[in-house]
Amino acid sequence: MIRFRRRRERSRFRDELRIIPKWLVWTCVLLYVVALIVGIAVNLGNHHFGEAMFPGDRSLENYPALSCLALAGVITVVAFGISCLLFMLGYVYRDAKRRGMNPALWTLLVLILSAGYFLIGLIIYLLVREPLPYTCPQCAATVNARFNFCPNCKYNLHPACPQCQREVSDDDKFCPYCATELHHAPKPVAEGAPGNSALS
Ligand SMILES: [Zn+2]
Ligand SMILES: [Zn+2]
């Protein structure tokens, strides 16, 4: 299974990030800007009436620009933390969905675990998630990663060595375990990159 996964899932981090819903990203950016504007406006208003945003800190009281900068920093850090959590949940939801797992259940689980154990929920999810469906190299039908044969065209998705019965790759000339010479069925001419098409 490990070998199989390595062969099929060569996904890049940047491609994975694209799974995060666009509307979620823009909502976070919008809320951040709104929080920044409201925060600074309120802070400046308080300065106008003679009280600072940080009442205990007398040093900032007479420097509206400096206290605004400090406030913007606090808002940025908080917004960054909340956004990371939301992006993580958005990723888990979409990723679970495309892998045929229960998206709501996994999102909830990751959310609950991340409340107490930070990234543990995401790590558990990444370890136990189902392999990604991919397209059959022969007929381009979408096949489950656990299938041995394509249900549409009977293509052998996991060719095995006739001598030792262990799984071999499509382009192995010899079995990597027992050195038996392998004679594969003639491959189809039009061959896309399997697995990648399911990502887009
Ligand atoms: Zn097929
Ligand atoms: Zn073999």
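**Zinc site and aromatic pair: reasons behind the terms**

Author: Cys 175 is buried, at a relative accessible area of 4%. This is a predicted model, where local features need pLDDT of at least 70 and side-chain atom pairs count only at pLDDT 80 or more. Residues are numbered from 1 along each chain as its sequence is written.

Reader: Why is Cys 175 called buried?

Author: Buried means under 20% relative accessible area, exposed over 50%, partly exposed in between (1.4 Å probe, protein chains only). Cys 175 has 4%, so it counts as buried.

Reader: What makes Cys 164 partly exposed?

Author: Its relative accessibility is 25%, so Cys 164 falls in the class in between.

Reader: Which residues are the protein donors of the zinc ion (ligand 2)?

Author: Cys 161, Cys 164, Cys 175 and Cys 178, each through SG. Donors are N, O and S atoms within 2.8 Å of the metal (3.2 Å for Na, K and Ca). These lie 2.2 to 2.3 Å from the zinc ion. Their spacing in sequence is C-x2-C-x10-C-x2-C.

Reader: Why is the arrangement around the zinc ion (ligand 2) called tetrahedral?

Author: Four donors count as tetrahedral if all angles lie between 85 and 135 degrees. Here the 4 donor atoms subtend 107 to 117 degrees, so the arrangement is tetrahedral.

Reader: What makes the pair of Trp 106 and Tyr 125 edge-to-face?

Author: Rings of Phe, Tyr and Trp (its six-membered ring) pair if their centres lie within 6.5 Å; planes under 30 degrees apart count as stacked, over 60 as edge-to-face and the rest as tilted. The centres of Trp 106 and Tyr 125 are 5.4 Å apart and their planes at 65 degrees, so the pair is edge-to-face. Both Trp 106 and Tyr 125 are buried.

Notes
Chains are lettered from A and ligands numbered from 1 in the order in which they are written. Side-chain values use heavy atoms; hydrogens and water are left out. Four donors count as tetrahedral if all angles lie between 85 and 135 degrees; four count as square planar and six as octahedral if opposite donors are over 155 degrees apart and all others between 65 and 115; anything else is irregular.
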